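I want to go through the sheets first, then the helices, then the domains and the chain contact.

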Amino acid sequence: MKIVVAIKQVPARDSQLRIAASGRWIQEDDFTFEINEPDAYALEAGLQLKEKHTGEVVVMCLGPARASQTIREALAKGADRAIHIEEEDLTGLDPLAAARLMAAALKAEAPDLVLTGLQSDDLGYGQTGPILAELLGLPHATIIMEVEKQDSGIRVKRELEDGWFQHVEMPLPALLSIQSGISKLRYATLMGIKKAKTKEVKRLTAADLGGASGPSITIDRVYLPERTKRTQLFEGNPQEAAAKLVEKLKFEARVL
Amino acid sequence: MSILVVMEQRGGMSLETLAAGQQMARELGTTVGAALVGGDSAEPIPAALEKAYSVEHELLKQYTPDGYVSALRQLIALARPTYVLFPHTYQVRDFLPKLATSLGKVAVSDVIHHRVENGALVLVRQLFQGKVSADVRFQGDAPNFASLQAGAYRADQVAAGSTALEKFVPALAAGDIRTKPGERFRESARAVDLGAAELIVAVGRGIKEADNIPLVQQLADTIGAELAASRPICDAGWLPMERQVGSSGQTVGPKMYMAVGISGAIQHLVGMKASRVVVAINKDANAPIFEVADYGIVGDLFQVVPALIEEFKKTR
């Protein structure tokens, strides 16, 4: 099975965010970056499928030059080769423009399965998977917990809301967005890290892929959420404070 | 019709989306309609709307992305809305990006607010798991798509009315649908729908040990509230995962959310900040939970909670 896993590099989760002078993005200068955690689960799912059914795992990453570190880490974990669509500034790309570049890069690959994470930790649109599926003309399913290969395609377990699940069958090729937290993520071995250095990374630019399309949505401004509430605090001994609070809840907030 | 609200079911988040659609229509000086997909009831929609469609077909009885996208494209071609709004459910997340892409558009997903500026809609959504907000605008022609976060709008703000459903039967062929869905199933006991709860009492690390959980359970029972928890409580197994509120748990928007011994990490706040009234009980006056709280008591929860139980009982 030939599997492509789309991965993204994002600021580390504990980054202290500040707004850039432009007001349109955050100040990224002194950040450390890492693989988008939901994508790490997609990669893990891809590697497990390859181990079970043989084949190839190709990671595809749209990102600036610094993303090559994240790509190397994916190769060290066991991906066979990589496609790096190198773009220094992603802020002008909306999810459709980004997915169009990825779809163009995949034209020559003809994978059996494309895997994505559920959403990115930075923009969080949660749309790259289904958009890519539509652009590539593939059937898809999202929030996938398990993938089972069948004679004529795959059978997946999809998470629904409120603790419901559903199995869905579909032919290959197909695209799946993988649920986070479904497996234990592997670490790269020393041997893996060594091997990664010699694995192929194909570099493409937007121009190689026909250029980026104009956005259909734009971010005007980013900002830290305003603090809007003023808390009424009740003091005194616990009994008095409780009595005042209950009175407010009943007669002012009227929630009881 | 300028705004079309695509409802997933008759209650809950779909009503919130209807309320949002009505509000936007008032602010934009335009009309709002609704569509229910795959339903089989002819009951009118209990809201003041220009029009309501019931999108019906044998192939829509079970959800598939191919079926829904094809049906909605046909409805959009007929109704020609400028904006199409959806509740941000798992199902919408599955098909809306595909629908928008098929029309060369990007949906603005997980919207928490909006405003109208010079006759154009500006949508607010969160980046970096709620740490940053962004104002987003549509570029280009109609239709434009957005999905609204649970609890961002209030179902009780729906302008009441009664709008009869007009049947719309799209042209669908079985061969167009590539995925084959199975029956829905559950693996464990029925999950709790905290999203539907009117009152929630939530407990965090401040409760110290599992043996103290009954104290907050008693508080919840006294006012008929659902018991919820922050992630550490569920990770420790003191309460089941289905009671977790936050970015990795459920998103709630009750009338009242009482946070007991919860410091208010952002991952928790994103799940409950849509609550109408937030009450915080915490021994640390600097805990971030007080930044979103309307009412608070700074004190030892092991003294405050028993006192509250007693006071609540008096009001019954």
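In what order do the ten strands of the open sheet that ends in β10(B) stand? I read the order as β11(A)-β5(A)-β4(A)-β1(A)-β6(A)-β10(A)-β7(A)-β8(A)-β9(A)-β10(B), with mixed pairing.

Ground rules before I go on. This is a predicted model, where local features need pLDDT of at least 70 and side-chain atom pairs count only at pLDDT 80 or more, while totals for chains, interfaces and linings use all residues. Residues are numbered from 1 along each chain as its sequence is written, and chains are lettered from A and ligands numbered from 1 in the order in which they are written.

**Entry 1: the sheet ending in β10(B)**

Strands here are DSSP runs (E, at least two residues), helices are H or I runs of at least four, and both are numbered from the N terminus. I count two strands as paired if DSSP finds at least two bridges between them. The edges are β11 (201-205) of chain A and β10 (180-186) of chain B; each has a single partner strand, so one side of each is left without a neighbour in the sheet. From one strand to the next the twist averages 25°.

I looked inside this sheet at one pair. Strand β4 (residues 56-63) and strand β5 (residues 81-86) of chain A run parallel and are joined by six bridges. Met60(A) has Ile83(A) as its bridge partner in β5(A).

**Entry 2**

I checked both ends. Strand β12 (residues 217-223) of chain A pairs with strand β7 (residues 132-138) of chain B in the antiparallel sense, over six bridges. There, Ile217(A) has Phe138(B) as its bridge partner.

For angles I use axes fitted to C-alpha atoms (for helices, over the stretch in contact), with values from 0 to 180 degrees between N-to-C directions. Residues are in contact if their C-beta atoms, placed from the backbone, lie within 7 Å.

Next, the two helices against each other. The axes of helix α2 (residues 65-79) of chain B and α3(B) come within 9 Å and cross at roughly 45°. That makes α2(B) oblique to α3(B) (under 35 degrees is roughly parallel, over 145 roughly antiparallel, 65 to 115 roughly perpendicular, the rest oblique). Pro65(B), Tyr68(B), Val69(B), Leu72(B) and Arg73(B) of α2(B) meet Asp94(B), Phe95(B), Lys98(B), Leu99(B) and Ser102(B) of α3(B). By class, I get six nonpolar, one polar and three charged residues (Ala, Val, Leu, Ile, Met, Phe, Trp, Tyr, Cys and Pro count as nonpolar, Asp, Glu, Lys and Arg as charged, the others, Gly among them, as polar).

**Entry 2: a helix from chain A**

What packs on α3(B) from chain A? Helix α4 (residues 128-136) of chain A does, at about 45° to helix α3 (residues 90-102) of chain B, with the axes 8 Å apart. This makes α4(A) oblique to α3(B). On the α4(A) side I list Pro130(A), Ile131(A), Ala133(A), Glu134(A) and Leu135(A), and on the α3(B) side Asp94(B), Pro97(B), Lys98(B), Thr101(B) and Ser102(B). These divide into five nonpolar, two polar and three charged.

**Entry 3: domains and chain contact**

I took the domain bounds from an automatic or database assignment. Chain A has domain 1 (2-209) and domain 2 (226-256), with centres over C-alpha atoms 47 Å apart. Chain B has domain 1 (3-176) and domain 2 (194-315), and there the centres are separated by 32 Å. In chain B, eight residues of domain 1 are in contact with eleven of domain 2. The domain 1 side has two nonpolar, five polar and one charged residues.

Key
Two residues are in contact if their C-beta atoms, placed from the backbone, lie within 7 Å.
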